[in-house]
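Keep the sequence at hand.

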Amino acid sequence: MIEKMYIDGEWVLAESGETREILNPATEKVIATVTEGAEPDAFKAITAARRAFDHDGWSEVAALERARLLYAVANKLEERAEEFAELDMLDNGKPLREAQFDVSDAVGCFRYYAGIVSKPQGQTYNVPDAMQAMVVREPIGVCGQITPWNYPLLMAVWKLAPALAAGNTVVFKPSEITPLSAIKLFAIFEEVGFPKGVCNLVLGAGPTVGQTIAASHEVDKIAFTGGTVTGRKIMEAATGNLKKISLELGGKSPNIVFDDVDLETAVDWALFAIFANQGQVCSAGSRLLLQESIHDRFVELLVDRAQKIEVGPGNEPNSEMGPLISEAHMNKVLKYIQIGLAEGATLACGGKRINRKGYFVEPTIFTNTHPEMQIVQEEIFGPVLVVQKFKDEGEAVRLANNTIYGLAGAVFTKDGARAQRIIRKLRAGITWINAYHPTYNEAPWGGYKQSGIGRELGTFGYEAYTEVKQININLLDEPVGWFKRE
Ligand code: NDP
């Protein structure tokens, strides 16, 4: 059976008739065959979304009706949580417990944005004239949305829920490698009754389908999560009609640990920071900055724990870390490990592909690094941690901020004032004190510097799918009197 895409309320095959096989990265076996869209399919979806927005009245549907649809999606997703978790586990390779967590977060995201539409919106102003000035928020129009493979369902929902809540129509493209949960999600959209053309799913490759969406003059906004190189291409493609852009890009985020912490606790978080989701997380704590007095002991404990991580297929109950997403990506990660060795860093543990079917790589830790090394500066996007050493607060901050990225960062210390001082100096959009990774639908997500533009989630994420309109209402019924009457 060939899985179809959803365009203008219909499940369709690509015009070209092309298909793509979807692999389970833990077994390298084909788990599904999907239709492979290209430019003509993307154009069809954009045209449908344009019509649904401009002519079919979706943007005028009462906010509470949009909320009702989103609540209905949340309920159905919750009812079928196991099915969705299993799909992401098979398609992405992540351990089942992580996939289950993603589904429950996705359900919460739909509910959050369903709730937001009925809350007070806009502002009124006191101005120097007899005029009531106010702003209202309106949908932007047709939103193109492109997501990566590391959180197939969740990344889709972070974009779809606020866009639809705000009254936009969407043309959504998942990663070509992990489209399965998105296909099922669009089936739920159909089931709950979103009107034709409001939600469109186009399957296919980035350079064709993604590029077409990003470049189209009929698309009013493009929202993208993925690598920085691709983000730059999307930004360039978007300049034709100056569409609005939101970019959630890569990172090389610092996790800073001072010598006053409980070592066991900080080691535990440091492992979670880098090895959750196999390190394929934009906000991963991929640089561990250790104060020099605890460095050796910390590394010893860390390596011991890293070597105990159970790596295996997501459906095996003991698996704590799954495979990398694809052979190509695994090779990229292994190449970075070779680069690290060539640069003279010390391999404290890991470093190899695991000798079994699937794209499994050992949890890997490098010490004795130098700030200018490629493995310190570049996003590896795998289970590879680089350790850096610092003397004092000043050096910790300098090292922490010394990359082109600014997505996330954390500090571990028992000194509350120091924690705040450090966090305020971090040039990053998502930060933690004495924790790493927990993220909430309620709070904004996004980066400084080359980690992106704009914010997703929370009220910021909703506003990013709206235009702001100023309305001025004259309270006097009389001429302005600027020009003489005779
Ligand atoms: P990409 O950033 O290239 O892919 C993300 C999405 O963008 C996919 O849907 C992809 O489509 C699409 N895309 C690719 N090229 C274009 C284009 N020219 N125009 C429009 N859309 C496009 O991720 P990769 O898989 O290539 O990974 C490369 C690196 O990016 C990783 O090694 C990692 O460092 C980083 N990355 C960061 C992520 C993050 O969350 N910050 C997530 C994923 C990757 P397609 O389906 O064809 O790939």
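Helices (H or I, at least four residues) and strands (E, at least two) are DSSP runs, numbered from the N terminus. This is a predicted model, where local features need pLDDT of at least 70, side-chain atom pairs count only at pLDDT 80 or more, and totals for chains, interfaces and linings use all residues. Residues are numbered from 1 along each chain as its sequence is written, and side-chain values use heavy atoms, with hydrogens and water left out.

Start with a loop. Asp-129 sits between β6 (123-126) and β7 (131-139). Its relative accessibility is 55%, so Asp-129 counts as exposed. The scale is this: buried means under 20% relative accessible area, exposed over 50%, and partly exposed in between (1.4 Å probe, protein chains only). Asp-129 and Asn-474 are 345 residues apart in sequence, yet their C-alpha atoms are 8.6 Å apart in space.

Now a contrasting loop residue. Glu-36 lies between β5 (29-35) and α1 (39-54). Because its relative accessibility is 14%, Glu-36 counts as buried. Its side chain makes a polar contact with the side chain of Arg-20, at 2.8 Å. A polar contact is a pair of N or O atoms within 3.5 Å; within protein, one must be able to donate a hydrogen and the other to accept it, and residues adjacent in sequence count only if both atoms are side-chain atoms. Leaving aside neighbours within four places in sequence, the contacts of Glu-36 include Ala-14, Ser-16, Leu-203 and Gly-204.

Move to strand β8 (residues 142-146). How many of its residues are buried? The count is 5 of 5. Val-142, Gly-144 and Ile-146 point one way, while Cys-143 and Gln-145 point the other way. Two strands pair if DSSP finds at least two bridges between them. β8 pairs in the parallel sense with β9 (residues 169-173) over 5 bridges. There, Gln-145 stands opposite Phe-172. The chain gets from β8 to β9 through α5, in a right-handed β-α-β crossover. Right-handed means that, with the strands pointing away from the viewer, the path from the first strand over the helix to the second runs clockwise. β8 also pairs with β11 (residues 221-225), again parallel, over 4 bridges. Ile-146 stands opposite Phe-224 in that strand.

Helix α7 (residues 206-215) comes next. Val-209, Gly-210, Thr-212, Ile-213 and Ala-214 are buried in it. The buried residues of α7 pack against α1, β8, β9, β11 and α8 (228-237).

Strand β20 (residues 430-433) has Ile-430 and Trp-432 on a covered face, and Thr-431 and Ile-433 on an uncovered one. It runs parallel to β19 (residues 408-412), joined by 4 bridges. Between β19 and β20 the chain passes through α14 (residues 416-425), and this β-α-β crossover is right-handed.

Finish inside. A nonpolar core is a set of buried Ala, Val, Leu, Ile, Met, Phe, Trp, Tyr and Cys residues joined through side-chain atoms within 4.5 Å. The largest one has 125 residues, and Phe-110, Phe-189, Phe-194 and Phe-298 have the most contacts inside it. Helix α5 (residues 152-165) gives the largest share, 11 residues. Domain 1 (2-249 + 451-471) and domain 2 (254-433) both contribute, so this core lies between them. Those bounds come from an automatic or database domain assignment. Apart from this core lies another, of 17 residues, among them Leu-324 and Tyr-336.

Terms used
Contact means heavy atoms within 4.5 Å.
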